Amino acid sequence: CTVIFTRLATRDLHKPISILFCNLAVSDLFTSFSGFWISMLFITNPDITIFGSRDMLAPYALYTTSILSTIYNLVSIGVERYLAVAESMRTRFRVARNHSIAVVFTSWVLAFFLGCLPLMGWNCLQAERSVSVLYSPFCINYLVFITLPNVVLAFLVPLFTYLRIIIILRRRKLRMQACAGQATGTYRSAETQVARTSISIWLLALVSYAPFSAGVIFDAANRRCHGELYPGVYIFRNCTAMLITLTCLGNPLLYTLKLRALGAKLKALRCLAAARIRTV
């Protein structure tokens with residue numbers, strides 16, 4: 001909410017990357033809200049989160065939609081950064097504000113379509129053979145169809161984009177060294193920052209989505225009853241949900257990396273509001 005507020009209030013949305021950052025914050029907000037909804041259902045009626053119920057379809061669908069939107073946003077940010085760095089090298093394509101808006105709209109449409117498939121009928125309320133034990137009443141084939149391709153997308157695309165950015169920055173640094181050693185410190189600093197950011201992104205994605213994917217694979221490979229898996233596997237399921245929710249806190253820190261600048265903007269907004277009050 002802080003990221004959304006500061007970017008809207010300071011009019012930073014004229015930059016394409018700022019639109020993607022703001023949309024990522026919206027996706028994280030939806031993830032937190034849907035996770036809170038599922039937690040409240042667990043508190044009021046724990047059995048429906050274990051054995052499944054029609055009441056779980058809507059919160060699980062919103063949770064899936066928000067996670068998919070987050071993944072698509074992370075991929076879009078990586079691609080945008082790569083295009084921005086490679087722009088002056090060999091490509092004439094320039095990412096504009098309209099492109100970012102189109103990407104945001106497309107990602108949400110795709111996330112809503114894939115996430116709401118259980119609400120459209122792809123659920124296992126009637127067919128118990130293929131029902132997921134961890135995420136009832138979702139079907140196993142639906143979870144595999146949603147989880148594995150998108151997790152692979154979340155790993156491979158940022159790997160390619162950020163590695164290419166590091167390679168481009170290193171080539172520019174070597175070229176500047178060959179030309180009387182100019183601006184080597186700037187490119188060395190940029191390369192170090194991108195490397196640190198990419199490693200942090202990889203670690204956060206690994207900690208967040210790999211356990212969830214492992215749980216889906218375990219769910220698909222083991223055809224057991226709910227009672228046979230209780231309580232250890234359900235504790236693991238809850239931990240994976242907590243890790244995904246904690247990602248919502250890590251994303252703003254990773255993709256802004258300017259806590260002092262963020263605090264300065266909030267302070268400036270507060271001072272501006274106080275000045276307007278004194279003027280009135």
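In this predicted model, helices are DSSP runs of H or I that hold at least four residues, and they are numbered from the N terminus. Helix α5, which covers residues 97-115, carries both tryptophan 108 and phenylalanine 112, and these two lie four residues apart, about one turn of the helix.

A search of the whole structure finds nine aromatic pairs. In one of them, the ring centres of tryptophan 108 and phenylalanine 112 are 5.6 Å apart and the ring planes stand at 35°, so the pair is tilted. Tryptophan 108, at 13% relative accessibility, counts as buried, whereas phenylalanine 112, at 38%, counts as partly exposed.

Another pair is made by tryptophan 122 and phenylalanine 145, whose ring centres lie 5.6 Å apart with the planes at 40°, so this pair is tilted. Because tryptophan 122 sits in the loop between α5 and α6 while phenylalanine 145 belongs to helix α6, the pair ties together parts that are 23 residues apart in sequence. Tryptophan 122 is partly exposed, with a relative accessible area of 30%, and phenylalanine 145 is partly exposed at 41%. Both belong to one aromatic cluster, which also includes Tyr60, Tyr135 and Phe212.

Conventions
Residues numbered from 1 in each chain as written. Predicted model: local features only at pLDDT ≥ 70, side-chain atom pairs only at ≥ 80, totals over all residues. Heavy atoms only, no water. Phe/Tyr/Trp six-rings, centres within 6.5 Å; stacked < 30°, edge-to-face > 60°. Buried < 20%, exposed > 50% of the residue type's maximum accessible area, 1.4 Å probe, protein only.
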